[in-house]
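The following note sets out, point by point, what may be read from the model shown below. Please keep the structure at hand while going through the points.

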Amino acid sequence: MADTLTHLICDLLEWLDREPRTHAEVIDGWRTSCPRLPVWDEATDRGYVAHKGRMVEVTGQGRAFLANHS
């Protein structure tokens with residue numbers, strides 16, 4: 001399951017890094033009803049994404065995670 005979550009977090013970070021996204025867009029696109037795949041929650045808890053007003057951005061930690069898992 002960890003590999004699946006890692007890949008999904010990378011997908012989320014790459015998607016966010018392509019263009020600015022609002023929090024509403026992110027939640028709409030990345031919400032899940034599966035408690036085993038908490039992609040948004042994990043990315044947030046690990047400090048890979050941050051809110052900048054209404055927008056969500058990839059942090060330096062998130063970019064480092066992407067670089068290590070690409």
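1. Ala 43 counts as buried because its relative accessible area is 0%, under the cut-off of 20%. The structure is a predicted model, and this value, like the others in the note, is computed from it.

2. Ala 43 belongs to helix α3. Which residues does Ala 43 contact, once neighbours within four places in sequence are left aside? They are Ile 9, Leu 12, Tyr 48 and Val 49. For Ile 9, the separation from Ala 43 is 34 residues in sequence, while the C-alpha to C-alpha distance is 6.4 Å.

3. As a general remark, nonpolar side chains tend to be buried together in soluble globular proteins.

4. Leu 13 deserves a separate comment. Not counting residues up to four places away in sequence, Leu 13 touches Tyr 48, Val 49, Val 58, Gly 62, Phe 65 and Leu 66. Among these, Gly 62, Phe 65 and Leu 66 are the buried residues of α4. These three cover an arc of only 100° around the axis, so they lie on the same side of α4. On the other side of that helix, Gly 60, Ala 67 and Asn 68 are exposed.

5. How many aromatic pairs does the structure hold? There is one. The rings of Tyr 48 and Phe 65 have centres 4.5 Å apart and planes at 25°; the pair is therefore stacked, since planes under 30 degrees apart count as such. This pair links distant parts of the chain, 17 residues apart: Tyr 48 is in the loop between α3 (39-45) and β2 (49-52), and Phe 65 is in helix α4 (residues 60-68). Tyr 48 is buried, at 11% relative accessibility, and Phe 65 is likewise buried, with a relative accessible area of 7%.

6. A further ring is to be noted at Trp 15. Arg 21 lies over the face of Trp 15, 4.0 Å from the ring centre.

7. The strands form an open sheet of three, in the order β1-β3-β2, with antiparallel pairing. Which strands are at the edges? They are β1 and β2, each of which pairs on one side only. The antiparallel strands β2 and β3 are joined by four bridges. Lys 52 has Met 55, in β3, as its bridge partner.

8. On the side of β1, Thr 22 may be considered. Thr 22 lies in that strand (residues 21-22). Is Thr 22 buried or exposed? Thr 22 counts as buried because its relative accessibility is 14%, which is under the 20% cut-off. With neighbours within four places in sequence left aside, Thr 22 is in contact with Arg 54, Met 55 and Val 56.

Key:
Residues are numbered from 1 along each chain as its sequence is written. This is a predicted model: local features need pLDDT of at least 70, side-chain atom pairs count only at pLDDT 80 or more; totals for chains, interfaces and linings use all residues. Side-chain values use heavy atoms; hydrogens and water are left out. Rings of Phe, Tyr and Trp (its six-membered ring) pair if their centres lie within 6.5 Å; planes under 30 degrees apart count as stacked, over 60 as edge-to-face and the rest as tilted. Helices (H or I, at least four residues) and strands (E, at least two) are DSSP runs, numbered from the N terminus. Buried means under 20% relative accessible area, exposed over 50%, partly exposed in between (1.4 Å probe, protein chains only). A charge sits over a ring if NZ of Lys or CZ of Arg is within 6 Å of the ring centre and within 35 degrees of the ring normal. Contact means heavy atoms within 4.5 Å. Two strands pair if DSSP finds at least two bridges between them. The arc is that of the directions from the helix axis to the C-beta atoms.
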